[in-house]
Amino acid sequence: MKRTILTMMMCVLSVWSMAQNSKEVREENPLGWNVTLQGGPHFSAFENTKHGSFFDAVDGHVALSVGYDFSHAFGTRVEVGYAKNTSGTNVLESGQPLILYSCKDVEVFADAIFNVSHLFSIERRTNFEVEAKLYAGAGFGFPNKGTRPNVSYYHMEDPKTSFAMRLGMIVEWHLSDSWGVLADARATGFQDDFNGVNAGKGADLRFGLSFGAIYHF
């Protein structure tokens, strides 16, 4: 799991590093409204996926968000996303081979975003060509019934609408006054019964990395 998180963060930081080589610097980064479209892979660290191949639990997601930057230090956004999630049967208790199953969900999140490039700058610069931002948010996942394992030894309920919280990091590269590209690495925790199984662990975790375009207006 630590290796998964480290890999995602290294990918995000590599975008920041490559962009620093550009010599053009904007006079001031835009404030106000923005719209972002992004998508990419994520890993479902739900019950029992650790007993299968890493790539068996890798799925995809897309998201559309509308945000507002109140200042060069702080902003917010509301995001609507669509994702697939993978789970697996309990091989330890059943003694049977792992069977994977999945559900898809619509997600709604509200995030508070903190521009660490600005906060950690001694000069409180406002013209970074590449900005690093941290965010924390909360929302809900609305899953469908999905596929269910048709086996007598494994009992599960339908996936349930679940409260979720997440932490993440955004690296944005400003291409012009209005347009930019970004990488977004995130860790999301849903209520434990999100996938229809309550294992008493407190949360179903998911780790994602997405890339997209942002428009400021």
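1. Basis. The model is predicted; local features need pLDDT of at least 70, side-chain atom pairs count only at pLDDT 80 or more, and totals for chains, interfaces and linings use all residues. Residues are numbered from 1 along each chain as its sequence is written, and side-chain values use heavy atoms, with hydrogens and water left out.

2. Fold. The chain contains three helices and eight strands, in the sequence order α-β-β-β-α-β-α-β-β-β-β. Helices (H or I, at least four residues) and strands (E, at least two) are DSSP runs, numbered from the N terminus.

3. Of the 217 residues in the chain, 47% are buried (under 20% relative accessible area; exposed means over 50%, partly exposed in between, with a 1.4 Å probe and protein chains only). Among contacts (heavy atoms within 4.5 Å) between residues at least 6 apart in sequence, 68% join residues at least 24 apart. The chain exposes about 11200 Å², of which carbon and sulfur atoms supply 62%; accessible areas come from the Shrake-Rupley method with a 1.4 Å probe, and for residues only the protein chains shown count as cover.

4. The structure holds four cavities of 30 Å³ or more. A cavity is a set of points, on a 1 Å grid over the protein atoms alone, where a 1.4 Å probe fits but cannot get out; lining residues have an atom within 4 Å of a point. Grid points are joined across faces, edges and corners, and a volume is the space filled by probe spheres set on the points. The largest cavity holds about 130 Å³ of space. It is lined by 13 residues, and Asn34, Ile113, Lys133, Ile170 and Ile214 are the closest to its centre. The elements that give two or more residues to this lining are β1 (32–45), β2 (58–69), β3 (74–88) and β6 (162–174), and β2 gives the most, with three residues. By class, the lining of the largest cavity has four nonpolar, five polar and four charged residues (Ala, Val, Leu, Ile, Met, Phe, Trp, Tyr, Cys and Pro count as nonpolar, Asp, Glu, Lys and Arg as charged, and the others, Gly among them, as polar).

5. Second largest cavity. About 110 Å³ of space lies in the second largest cavity. Its lining comprises 15 residues, with Asp69, Ser71, Asn115, Glu131 and Lys133 nearest the centre. At least two residues of this lining come from each of β3, β4 (100–115) and β5 (130–143). The lining divides into five nonpolar, seven polar and three charged residues.

6. Phe194. This residue is placed in the loop between β7 (179–191) and β8 (203–216). Phe194 counts as buried because its relative accessibility is 0%. Not counting residues up to four places away in sequence, Phe194 touches Phe46, Asn85, Asp105, Gly141, Pro143, Pro159, Lys160, Ser162 and Asp204. The C-alpha atoms of Phe194 and Leu205, 11 residues apart along the chain, are separated by 10.0 Å.

7. Strand β2. In a regular strand the side chains alternate between the two faces of the sheet. The covered face of β2 consists of Asp59, His61, Ala63, Ser65, Gly67 and Asp69, and the uncovered face of Val58, Gly60, Val62, Leu64, Val66 and Tyr68. Strands pair if DSSP finds at least two bridges between them. β2 pairs with β1 in the antiparallel sense over 12 bridges, with Leu37 opposite Leu64. β2 also pairs with β3 in the antiparallel sense, over nine bridges; Ala83 in β3 is the bridge partner of His61. β2 and β3 form a hairpin with four residues between them.

Note on methods
1 Å grid on protein atoms, 1.4 Å probe; cavity = no way out; pocket = protein on both sides within 12 Å on 5 of 7 lines; lining within 4 Å.
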